[in-house]
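Biologist: Hi, could you walk me through this one? I'd like to ask a few quick things as we look at it.

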Amino acid sequence: MGMGSGFIEGFLKSWGVILASEIGDKTFFIAAILAMRHSRRVVFAGAMLALAVMTILAVLLGWAAPNLISKKWTHYGATALFFFFGARMLYDAVTNAHAGESELDEVEKELQTSPKSPKEGGPDGKVGRLHPLLSALRRVVSPVLLEAFTLTFLAEWGDRSQIATIGLAAASDVFGVTIGGIVGHAMCTGAAVLGGKHLAEHIDERMVAYFGGALFLIFGGHSLYTGVPE
């Protein structure tokens, strides 16, 4: 497989994984709700900065994995992750695991009980735990940008899309995975910021789970079919 085709494959896989994982996810709703309270541009900038940092960190971990573990094991580990996430999302959709309180309702409650901005951060809540650092940063950086960055960063840490990105970077072109992930996040976050709560309220989480689960299974099947990369 040539360098160009490897980049395109990594880009499309990463882009698809992010779209399948992030539409209707916690970071999506955080951006949508914050954009209703503050400047859309600032919220978008803060959220995207956090997501770009997380994408790069995930890719670096995936890139380093084959140097610590054999290519064979990293490849099949990534393949197993695709099948696991795909089966889990389809199971949630079939069993209607999203019934009851939606992700949007959960995020709204969290934002209501957490500080409205880094200036109000206390010992409770996610932003409050980073209060000393944020207190220093807010003198030179917009508090809204810091709030969007911090909430998004903490919500994305250990998320399904981050783990999938690590797996992709271990088996695909790292530059393609990086660019595809950032573009995917930009599209999802941009839609959340522009559409706001109206768009968030009309997302069918069950249909998103069906689509995402099917896409993960397709990527898992493709990974098995292509085998361990040379």
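Biologist: Where is the place of Trp63?
Modeller: Trp63 sits in helix H3; helices here are DSSP runs of H or I with at least four residues, strands are runs of E with at least two, and both are numbered from the N terminus. This is a predicted model, where local features need pLDDT of at least 70, side-chain atom pairs count only at pLDDT 80 or more, and totals for chains, interfaces and linings use all residues. Residues are numbered from 1 along each chain as its sequence is written, and side-chain values use heavy atoms, with hydrogens and water left out.

Biologist: Which residues does Trp63 touch, not counting those up to four places away in sequence?
Modeller: Trp63 touches Ala169 and Val174 on that count, a contact being heavy atoms within 4.5 Å.

Biologist: At what angle do H2 and H8 pack?
Modeller: Helix H2 (residues 26-37) and helix H8 (residues 143-156) pack at about 165°, and their axes are 9 Å apart. That makes H2 roughly antiparallel to H8, a label for angles over 145 degrees, while under 35 is roughly parallel, 65 to 115 roughly perpendicular and the rest oblique. Axes are lines fitted to C-alpha atoms, for helices over the stretch in contact, and angles run from 0 to 180 degrees between N-to-C directions.

Biologist: Which residues meet there?
Modeller: From H2, Lys26, Thr27, Ile30 and Leu34 meet Glu147, Ala148, Leu151, Thr152, Ala155 and Glu156 of H8. That contact has five nonpolar, two polar and three charged residues.

Biologist: Is Gly227 buried or exposed?
Modeller: Gly227 is buried, at 17% relative accessible area; buried means under 20%, exposed over 50% and partly exposed in between, with a 1.4 Å probe and protein chains only. Gly227 lies in the segment after helix H11 (205-226), and its C-alpha is 9.9 Å from that of Ala171, 56 residues away along the chain.

Biologist: Last one: where does pLDDT stay under 50?
Modeller: Over residues 116-128; pLDDT is the predictor's confidence in each residue, from 0 to 100. Where pLDDT is low, the predicted coordinates should not be read in detail. The chain averages 78, and 74% of the residues score at least 70.

Terms used. Ala, Val, Leu, Ile, Met, Phe, Trp, Tyr, Cys and Pro count as nonpolar, Asp, Glu, Lys and Arg as charged, and the others, Gly among them, as polar.
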